Amino acid sequence: MNKSIAFKRLYKDYTSKFIKNIFFATILSVVVALSTSATAWLLDPAIEKIFLKKSQTLIFIIPIAIIIAFSAKGISLYFAKLIMINVSEEVKKMLQIDMLKSFIKADTEIIENKHSGKSISNINFDVDQITKMLAEAYLTIFKDGLTLIGLLGVMFFQNWKLSLIAIIMIPLASIIAKILGKRMSKVSTEAQERSGDLNRYLIDLFKNHKIIKIFQREKFENNRSEKFVNNLKEKNAKIAAVYIRSTPVMEILTGVMIAVLIFYSGKLIIGGELAINKFFSFLAAMMLAYQPVKTLAKVNIAINQGLAAAERIIPVIDLKNEINMNDKSENISVSKGNIMFKNINFAYQSNKEKQVLNNISVEFKGGEMTALVGLSGSGKSTLLNLIPRIYAPRSGSIELDNQDISRINLNSLRKEISIVDQNTTLFDDTVFNNIIYAKPDAAADEVYEAAESAMCNDFINNLDKGFDTLIGENGVKLSGGEKQRLSIARAFLKKSSIILLDEATSSLDSETEEKIQKALDQLTQNKTTVVIAHRLSTILNSYKIHVVDKGKIIDSGKHEELILKSSVYKNFYDRQVKKN
Ligand SMILES: Nc1ncnc2c1ncn2[C@@H]1O[C@H](COP(=O)(O)OP(=O)(O)OP(=O)(O)O)[C@@H](O)[C@H]1O
Ligand SMILES: [Mg+2]
């Protein structure tokens with residue numbers, strides 16, 4: 001992505017929708033330019049006719065004309081700015097919506113490889129830069145550009161020799177502006193990165209707060225946080241410094257120019273070549289031109305910053321998914337619920353070298369519970385996530401009742417599947433809404449029923465506001481076992497034909513474990529269930545057990561067979577027995 005592509009995209013997808021408003025703002029800019037020039041020009045007849053010739057009629061007309069010119073300028077300026085503010089806020093909204101949509105739609109693997117802190121700064125800081133560019137830069141170019149042209153016209157009309165001297169300033173100022181703009185765009189990108197670093201750090205700080213205390217690393221974190229803030233401060237200070245760097249140069253140039261003008265115009269007036277009324281009109285035009293020249297000299301800074309931000313944002317909006325939704329394909333039809341893995345290979349994109357699943361072929365029989373056991377990191381959770389196509393295999397195929405899941409409508413597939421995850425995470429919302437998330441059109445009674453089946457009622461009834469209690473980031477924190485039961489309640493509500501269970505490794509007290517076990521037994525009855533088992537009771541209940549080791553299935557069978565033939569399984573079993 002480069003700046004010109006970013007600019008074209010911004011125009012095509014966003015600003016072009018407001019072309020009428022922008023056109024109207026441009027017309028108003030013309031009014032501003034004309035009225036500003038008119039005020040300068042009016043000084044010429046005012047001085048000549050009123051002060052020198054003492055005209056009785058023009059003493060009223062010219063002041064009234066000046067009031068009209070200034071009013072026209074003020075009102076047009078107000079509406080032009082209002083229009084552009086609305087356009088830029090509208091574009092900001094569209095950009096933010098598109099970014100959020102893109103995050104929601106993206107493959108889970110893409111999101112897992114992004115840092116949330118960086119995305120937060122994309123959606124805030126970067127979008128603001130674009131808004132600023134639209135709100136300020138466009139108007140500056142047109143309003144101040146046209147005003148400058150109008151005023152130059154007045155200046156040349158009054159005296160072209162003086163005007164030539166005055167406009168030597170302009171190319172000088174624009175060269176300075178160009179140099180500053182380049183520098184600015186670089187510093188601003190760096191500042192954006194630093195502010196992303198700070199966001200990232202803050203997220204880590206909140207997440208790992210307990211860890212900081214336990215390992216007594218407060219001092220280390222203090223130093224580290226200071227470093228992050230310092231880096232940001234330095235970049236921001238640099239931006240501000242670059243921004244004002246043009247000030248002394250411009251002031252000195254202005255001083256030199258005024259001096260030269262006084263000298264030269266003095267000569268012209270003394271020599272009778274320039275009337276005093278023309279000189280004042282010229283002077284007024286020149287002084288009015290000062291502000292547009294100044295803003296125009298800085299406009300490329302805002303443009304550079306805005307386009308640099310667009311270069312960062314547009315790739316986020318354009319994120320391409322690898323996993324095809326197959327929206328137009330046929331829906332899956334589930335009869336027995338047999339799941340078949342055929343020569344599945346998988347590696348995560350962030351670590352392509354490491355083969356996580358290695359040529360796995362396995363069948364999960366419909367209506368039965370199959371268990372996966374194996375060491376931590378052997379690839380069990382990864383394998384489970386391939387079934388709802390959270391990740392896509394690098395090669396091989398998975399069939400559900402003889403239909404290749406990579407070809408059928410993905411929504412229809414996911415409808416058939418519930419996952420109870422290893423680490424349940426909840427939304428920052430009420431208990432009720434967290435459960436109904438699984439089936440938004442469920443009746444309230446269904447939700448209560450699901451909660452009851454998942455053995456949630458005892459703890460929900462103990463909460464302040466029962467089902468209406470806020471949980472998560474902003475509310476009550478639940479225990480691991482409680483969260484897991486909420487997750488089971490979701491599965492009960494969804495009533496899907498396939499259940500994927502990733503049992504939590506942490507051991508629960510026997511009373512809670514029994515509750516969860518009961519709930520799960522009921523949930524998985526007659527359903528195709530794949531469970532990553534850490535608990536003996538689950539394993540003993542299973543129809544078949546597969547032992548996963550380093551991305552391969554090394555042994556399969558019933559408990560009794562495996563005890564005899566698989567040393568890895570025996571090892572695992574012995575440890576579980578000891579624990580119980
Ligand atoms: N999102 C990811 N990106 C990159 N690598 C990953 C990702 N998730 C897991 N891995 C790696 O893939 C391998 C298998 O991980 P997986 O989560 O499937 O193991 P597991 O068998 O479920 O382990 P556990 O019993 O501890 O849950 C591990 O080596 C892990 O480091
Ligand atoms: Mg796991």
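Me: Which residues does Ile 435 touch?

Reply: Contact here means C-beta atoms, placed from the backbone, within 7 Å. Leaving out residues up to four places away in sequence, Ile 435 touches Val 447, Ala 450, Ala 451, Leu 486, Ala 489, Arg 490 and Leu 493. This is a predicted model: local features need pLDDT of at least 70, side-chain atom pairs count only at pLDDT 80 or more, and totals for chains, interfaces and linings use all residues. Residues are numbered from 1 along each chain as its sequence is written, while chains are lettered from A and ligands numbered from 1 in the order in which they are written.

Me: Which residues of the largest nonpolar core touch the most other members?

Reply: A nonpolar core is a set of buried Ala, Val, Leu, Ile, Met, Phe, Trp, Tyr and Cys residues joined through C-beta atoms within 7 Å. Buried means 20 or more other C-beta atoms within 10 Å of the residue's own. Of the 62 residues in this core, Val 373, Ile 435, Ala 454, Ile 488, Ala 489 and Leu 500 touch the most other members. Helix 17 (residues 480-494) contributes the most, six residues. Helices are DSSP runs of H or I, at least four residues; strands are runs of E, at least two; both are numbered from the N terminus.

Me: Why is strand 3 largely enclosed?

Reply: In a regular strand, side chains alternate between the two faces of the sheet. Six of the six residues of strand 3 (residues 369-374) are buried, so the rest of the structure largely encloses it. Met 369, Ala 371 and Val 373 point one way, and Thr 370, Leu 372 and Gly 374 the other.

Me: Which residue stands opposite Leu 372 in strand 8?

Reply: Pairing takes at least two DSSP bridges between strands. Strand 8 (residues 528-532) runs parallel to strand 3, joined by four bridges, and Leu 372 faces Ile 532 there.

Conventions: A residue is buried if 20 or more other C-beta atoms lie within 10 Å of its own, exposed if 12 or fewer, and partly exposed in between; C-beta atoms are placed from the backbone. Two residues are in contact if their C-beta atoms, placed from the backbone, lie within 7 Å.
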